[in-house]
Amino acid sequence: MTVDYAADGLVLRYEQERPDVCVLLADADPVARHVLAAALGGADGVTVLGTADSREPLHRWPLAGVQVVVLADGSGPQPGPLAAELVHKGIRVLLLGTGWTGRSLGAALAAGCAGVLVKDPEIGRLAAAVRAAAAGYVVVSPELVGLWTPQRPGPAAAPRPRRGDRTAGLLLRSLTEREREVLTLLAEGLSTREAARRLKVTPATVKSHVSHALAKLSVRNRLEAVLLMRRALDGDRPPWS
């Protein structure tokens, strides 16, 4: 599974660069549907095409033109049959819920869901997640990032480097000072554009540094690279010092 990552939180924030995203809100609770629709309806870059009762079969949902479905289907923190059907139809699905575990989060991403979100009254976070999902990113609430252990393909998957792991230290020491600066800023929650402003370079330069860092760290995407950096920064001292 190839994963790019964006979230309005501690890891990486998606920058809006696209036209309005057409979204459908599905929840078993009519009050929740009304609240979400009213709030997202006023969000920049998002157009709410309708709502649906998540207890109803998909053929009754107004899915025409929908790019992203925000789904709380009442099956608990896991991908249910509705999510699988939507993914099969090529619609991006953001699962909304509480009580997530590492297993349920991993199952949702493995099932092809575009994101796993904690129910949060801060509507700005949901709007950013919707825009990011439509752009092809996988979105994970910042509170859940620590639960997820990305699995590498192949029968003998390498163990994921953890804080204090000697291998992780060696990998991070292989980066240039500027590459570590870029990953540090992303780990602190800055977007690509914000990191570029902080370093007084262009966003394209930041993306180039990230690309070089991915190759040196032997990771597939920015999420894994930023998580590796966050663990290093959480230690007593950075492994490259």
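## Exercises on helix packing and burial

At 29% relative accessibility, Thr205 counts as partly exposed (buried is under 20% relative accessible area, exposed over 50%, partly exposed in between; 1.4 Å probe, protein chains only). The model is predicted, local features need pLDDT of at least 70, side-chain atom pairs count only at pLDDT 80 or more, and totals for chains, interfaces and linings use all residues. Residues are numbered from 1 along each chain as its sequence is written, and side-chain values use heavy atoms, without hydrogens and water.

**Exercise 1.** Place Thr205 in the secondary structure and give its C-alpha distance to Val182.

*Solution.* Step 1: Thr205 lies in helix H8 (helices are DSSP runs of H or I with at least four residues, strands runs of E with at least two, numbered from the N terminus). Step 2: Thr205 and Val182 are separated by 23 residues in sequence, and their C-alpha atoms are 9.9 Å apart. Step 3: for the whole protein, the count is 9 helices and 6 strands, and 48% of its 241 residues are buried.

**Exercise 2.** Describe the packing of helix H6 on helix H8.

*Solution.* Step 1: the axes of H6 (residues 177-187) and H8 (residues 203-217) come within 9 Å and cross at roughly 100 degrees. Axes are lines fitted to C-alpha atoms, for helices over the stretch in contact, with angles from 0 to 180 degrees between N-to-C directions. Step 2: H6 is therefore roughly perpendicular to H8 (65 to 115 degrees; under 35 is roughly parallel, over 145 roughly antiparallel, the rest oblique). Step 3: from H6, Arg178, Glu179, Val182, Leu183 and Leu186 meet Val206, His209, Val210, His212, Ala213, Lys216 and Leu217 of H8; contact means heavy atoms within 4.5 Å. Step 4: by class, the residues of this contact are 7 nonpolar, 2 polar and 3 charged (nonpolar: Ala, Val, Leu, Ile, Met, Phe, Trp, Tyr, Cys and Pro; charged: Asp, Glu, Lys and Arg; polar: the others, Gly among them).

**Exercise 3.** Repeat the analysis for helix H7 and H8.

*Solution.* Step 1: the H7 and H8 axes come within 8 Å and cross at roughly 105 degrees. Step 2: that angle makes H7 roughly perpendicular to H8. Step 3: H7 contributes Thr192, Arg193, Ala195 and Ala196 to the contact, and H8 contributes Pro203, Val206 and Lys207. Step 4: these residues divide into 4 nonpolar, 1 polar and 2 charged.

**Exercise 4.** Characterise Lys200, in the loop between H7 and H8.

*Solution.* Step 1: the phi of Lys200 is near 60 degrees, positive although the residue is not glycine. Step 2: for reference, most residues other than glycine have a negative phi. Step 3: Lys200 has 74% relative accessibility, so the residue counts as exposed.

**Exercise 5.** Assign the buried faces of helix H1 and helix H2.

*Solution.* Step 1: in H1 (residues 30-40), the buried residues are Ala32, Arg33, Leu36 and Leu40. Step 2: seen down the axis of H1, they fall within an arc of 100 degrees, so they line one face of the helix; the arc is that of the directions from the helix axis to the C-beta atoms. Step 3: Val31, His34 and Ala38 are exposed on the other side of H1. Step 4: in H2 (residues 81-88), Leu82, Ala83 and Leu86 are buried. Step 5: viewed down the axis of H2, these also lie within an arc of 100 degrees and so line one face. Step 6: the buried residues of H2 pack against strand S3 (68-72) and strand S4 (92-97), whereas Pro81 and His88 are exposed on the other side.
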